[in-house]
Structure formats: structure tokens, C-alpha cells
Amino acid sequence: MSDHANLLDEIKKKGVVHGRVVLSSGREADWYVDLRRITLDGAAAPLVGRVMLDLTEDLGYDAVGGLTLGADPVAVAMLHAAAARGRRLDAFVVRKAGKAHGLQRRIEGPDVAGRRVLAVEDTSTTGGSVLTAVEALREAGAEIVGVATIVDRGAAAKIEEAGFTYRTAYTLTDLGLG
Ligand SMILES: O=P(O)(O)OC[C@H]1O[C@H](OP(=O)(O)OP(=O)(O)O)[C@H](O)[C@@H]1O
Ligand SMILES: O=C(O)c1cc(=O)[nH]c(=O)[nH]1
């Protein structure tokens with residue numbers, strides 16, 4: 001089976017949780033896609049790196065990251081998958097709020113100013129989190145080549161309306177939830 005098919009199996013097996021939940025936006029839902037159980041899973045995380053690289057390879061970027069925490073292991077998986085392919089890819093972490101001590105950086109990691117970057121998320125429902133990351137990246141002087149998620153939970157229109165190229169590895173229909 002392909003990496004894409006294997007990762008879909010892993011998400012269905014380990015990531016989908018049924019039950020009443022409150023989402024990041026404050027909305028309520030009857031199921032949750034817990035992608036941390038995928039991006040931090042020793043078998044699934046390497047698939048995440050390769051699938052997300054394959055999905056976005058044509059966009060031409062040399063740094064990847066997004067709003068902590070969901071985006072962090074996605075970006076790190078991509079960094080390692082790229083290294084395994086002989087390609088240099090840096091990662092960064094966008095803090096939810098600026099830090100008051102130390103170097104007081106909002107975006108941690110190698111500098112993004114003037115670089116072509118990809119903004120990632122594990123999943124996106126309203127697009128609010130990833131668009132917050134994109135705003136911080138723009139303020140820091142990065143050029144955002146696109147936005148990519150593992151699972152789109154309904155944010156595609158909002159992200160595209162904001163003017164970004166948007167890619168997702170899986171839709172809710174792929175997961176049997178659409
Ligand atoms: O598209 P949105 O409506 O913004 O929702 C999606 C966000 O929700 C989850 O993170 P969460 O806010 O739970 O925070 P965490 O990553 O710190 O756990 C997920 O990782 C996305 O970042
Ligand atoms: O909208 C969210 O907060 C959200 C939905 C979901 O399915 N998974 C997740 O991690 N966050």
C-alpha cells in the first residue's frame with residue numbers, strides 16, 4: 001500500500017474519537033480527530049512526514065511550521081522526511097502569544113524573514129489557528145507559499161478566501177465522517 005493509504009488507515013484506527021467535544025472555536029461536535037495520536041505515534045509520524053512532503057513538493061519552500069501545538073510534530077516529521085530524501089528543510093514554531101522573557105520571540109527556530117515558508121496544521125476546522133500563524137509569519141517577513149493540513153475539517157473555503165494555496169491530505173469524506 002502507498003504511504004497515503006497507510007496513513008489513512010492509521011488515522012481511522014487511532015485518531016478518530018466519538019463523543020461530545022468542544023472544539024477550539026467553541027463549537028460543539030460529536031466526534032474529534034485527535035491527530036496528536038498520529039503525529040506523535042512512532043509508526044504513523046514517519047508517514048505524516050512523507051505524505052505532507054509529497055502533497056506540497058511543488059510549492060517550493062525551505063521552512064515549515066505553524067501554530068503550536070498541533071502543527072509542531074507535523075513540521076518536525078516533514079523536516080526528518082526531507083532529510084531522509086537528501087533535502088534541507090527547516091522547521092519553526094509560532095507561539096500563541098509572544099514570550100515576555102528570554103529573546104521574546106513569537107516564532108521559534110531559524111529566522112523566517114525573507115524565506116518561502118509553508119504553514120501547516122494537523123487539522124483545521126474554522127481556519128482560525130492557521131490564519132493566526134500566517135499573520136505572525138507575515139509580520140516576521142516570511143513569504144507564505146501555501147497552507148497544508150493532514151485533515152481538513154471544513155476550513156478550505158476560509159483559507160482560500162484569505163488568498164492562500166491550500167492543500168489537505170484527507171477530507172472528512174476520506175475518513176467516512178463527511
Ligand atoms: O481551525 P480551528 O478552528 O482553529 O481549529 C483547529 C485547531 O484546533 C486544534 O488545536 P487547539 O486549538 O485545540 O490547540 P492545541 O494545538 O494547543 O492543543 C488543532 O490542532 C488546530 O490548531
Ligand atoms: O476544531 C478543533 O478544535 C479540532 C477538531 C478536531 O477534530 N481535532 C482537533 O484536534 N481539533
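**The ligand shell and the chain around it**

Q: Which element gives the largest share of the shell around ligand 1?
A: Strand E6 does, with 4 residues. Strands here are DSSP runs of E with at least two residues, helices are runs of H or I with at least four, and both are numbered from the N terminus. E6 (116-124) and helix H5 (128-139) each supply at least two residues of this shell. This is a predicted model, in which local features need pLDDT of at least 70, side-chain atom pairs count only at pLDDT 80 or more, and totals for chains, interfaces and linings use all residues. Residues are numbered from 1 along each chain as its sequence is written, while chains are lettered from A and ligands numbered from 1 in the order in which they are written.

Q: What makes a residue part of the 15 around ligand 1, and which come nearest?
A: A residue is near a molecule if its C-beta atom, placed from the backbone, lies within 6 Å of it. Ser-24, Gly-70, Thr-126, Gly-128 and Ser-129 come nearest.

Q: How do the residues of that shell divide into nonpolar, polar and charged?
A: There are 3 nonpolar, 10 polar and 2 charged residues. Ala, Val, Leu, Ile, Met, Phe, Trp, Tyr, Cys and Pro count as nonpolar, Asp, Glu, Lys and Arg as charged, and the others, Gly among them, as polar.

Q: Why is helix H4 called largely enclosed?
A: A residue is buried if 20 or more other C-beta atoms, placed from the backbone, lie within 10 Å of its own. In H4, 10 of the 14 residues are buried, so the rest of the structure largely encloses this helix. Among them are Ala-71, Asp-72, Pro-73 and Met-78.

Q: What span should H4 have, at 1.5 Å a residue?
A: The expected span is 1.5 Å times one less than the number of residues. For the 14 residues of H4 (residues 71-84) that gives 20 Å, and the end C-alpha atoms are 20 Å apart, which agrees.

Q: How many helices and strands does the protein chain have, and why is it called as compact as a globular protein of its length?
A: The protein chain has 6 helices and 8 strands. Its radius of gyration is 15 Å, close to the 16 Å from the globule rule for 178 residues, so the chain is as compact as a globular protein of that length. The radius is taken over C-alpha atoms, and the rule is 2.2 Å times the number of residues to the power 0.38.

How values were computed
A residue is buried if 20 or more other C-beta atoms lie within 10 Å of its own, exposed if 12 or fewer, and partly exposed in between; C-beta atoms are placed from the backbone.
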